[in-house]
Structure formats: C-alpha cells, structure tokens
Amino acid sequence: MSMIRFIFWTSIEKFLRLLPLPQLRVFFLRLLGSKIDKGAIVHEVVFQNVYVKGAFSNLVMGENSTIQPGCILDLADQILINDKVTISQGVIIMTHSDPGKKMGKPLAEIYPPKHEKVVIGKGVWIGAGAIIYHGITIGECALVGAGSFANKDIPPYSLYAGVPARMIKEIRL
C-alpha cells in the first residue's frame, strides 16, 4: 500500500469525524460506498482500516438504526447492521484480528490473521462499551450488556452480558 493512499483515506476518515451533523456524515458515507437506509444515524465514530480497497462499502445499515458517538468500526470486512438497531456509546466492532503477520511478529504464526463479517440482527441493542468480535452474529432483538465481550454468536431474544458474554436470560416481547 502506498503512503499517499494511506494518507488520503486516513484524512477522509478524520474529515468524517469532524462533520457536525449525523445526517451529513451519512450523506458522505453513502458517497464513499456505504449502504445506509433511510432514518439511519451515524454520530462521530472512528472507522479503522479505511485504506483497504472498498472499505466503506463494508458498512451496511438498515432503516432507523443508530451508531452513537465514540464507537470504533473496523471496516476490514463487512459490518451488517439490520433495521432498528441501537449501538450505544463506545462500542467496538472488530471484523479482523492480526497480531502483525506482515511485520513478522512471532505470535502471527500461532494466531494467523482472520477476517470475518459481523451481522447484527433487527432490533438489537448493544450496550455502551461492549466489544463485538469478528465473525459474530447477534440475533434479532437481542441485548448485549454494557462492557460485555461478545466472542460467540448471540441467539435472538436473549440478554447476554459479561466478559466473555454469557446468557443472562431470554427476552420475551
């Protein structure tokens, strides 16, 4: 990857954070290739790995979904957010892990890089400060508690919390 490409896409990412209105941010994200439905709101968030070719097209958001301020979204792979999802402040969504294979880091031999999409079902609420690991699917109307680490799929209509996240109870609507 060229240094010019890295600087260009990093500057675009910083520009997105400086936009004063979530609607303006959504407008520019659409121009950059994100698929964002009507009523979706994206507050000031950090986008990682934006220099990967087509990275912004990895963000897909359904109707009336919200990403609150302070979140970190890793666009190395797809993040699919369905309708009516709330992603609270400071949530981290990871789509890859890599201890540094390109730099010859020794743990990369034991833990090779992985890229996997994250799917967030309709009506999900992810509490503040939660971490969602790559390859995870969160089922419809599930709740991930604040500060939790979701490293396994979460079934629909369930409350998961803790580190690692475990089932607390079923949700009945």
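1. Phe8, Trp9, Phe47 and Phe56 are joined into a cluster by ring pairs. The model is a predicted one. Across the whole structure, a search gives seven aromatic pairs.

2. One of the aromatic pairs is formed by phenylalanine 6 and tyrosine 51; this pair is tilted, with 5.3 Å centre to centre and 50 degrees between the planes. Phenylalanine 6 belongs to helix H1, while tyrosine 51 sits in the loop between E3 and strand E4 (59–61), so the pair ties together parts that are 45 residues apart in sequence. Phenylalanine 6 is partly exposed, at a relative accessible area of 31%. Tyrosine 51 is also partly exposed, at 25%.

3. Tyrosine 133 and phenylalanine 149 form an edge-to-face aromatic pair, 5.7 Å centre to centre and with 70 degrees between the planes. Here too distant parts of the chain are linked: tyrosine 133 is in the loop between strand E14 (131–132) and strand E15 (137–138), phenylalanine 149 is in strand E17 (residues 149–150), and the two are 16 residues apart. Tyrosine 133 is partly exposed, with a relative accessible area of 25%. Phenylalanine 149 is partly exposed as well, with a value of 22%.

4. Helix H1 covers residues 3–18, which makes 16 residues. From first C-alpha to last, H1 reaches 23 Å, close to the 22 Å expected at 1.5 Å a residue.

5. Which residues of H1 are buried? They are Ile12, Glu13 and Leu16. Viewed down the axis of H1, these buried residues fall within an arc of 95 degrees, so they line one face of the helix. Their cover includes helix H2 (22–31) and strand E3 (46–48). Met3, Ile4 and Leu18, on the other side of H1, are exposed.

6. Glutamate 13, in helix H1, deserves a separate entry. Its relative accessibility is 3%, and because buried means under 20%, glutamate 13 counts as buried. The side chains of glutamate 13 and arginine 17 are joined by a polar contact of 2.7 Å.

7. What does glutamate 13 contact, leaving aside its neighbours within four places in sequence? Val45, Val46, Phe47 and Val50 are in contact with glutamate 13. Phe47 is also a member of the ring cluster with Phe8, Trp9 and Phe56. As for glycine 70, it is 57 residues from glutamate 13 in sequence, and the two lie 14 Å apart in space, C-alpha to C-alpha.

Conventions. Residues are numbered from 1 along each chain as its sequence is written. This is a predicted model: local features need pLDDT of at least 70, side-chain atom pairs count only at pLDDT 80 or more; totals for chains, interfaces and linings use all residues. Side-chain values use heavy atoms; hydrogens and water are left out. Helices (H or I, at least four residues) and strands (E, at least two) are DSSP runs, numbered from the N terminus. The expected span of a helix is 1.5 Å times one less than its number of residues. Buried means under 20% relative accessible area, exposed over 50%, partly exposed in between (1.4 Å probe, protein chains only). The arc is that of the directions from the helix axis to the C-beta atoms. Contact means heavy atoms within 4.5 Å. Rings of Phe, Tyr and Trp (its six-membered ring) pair if their centres lie within 6.5 Å; planes under 30 degrees apart count as stacked, over 60 as edge-to-face and the rest as tilted. A polar contact is a pair of N or O atoms within 3.5 Å; within protein, one must be able to donate a hydrogen and the other to accept it, and residues adjacent in sequence count only if both atoms are side-chain atoms.
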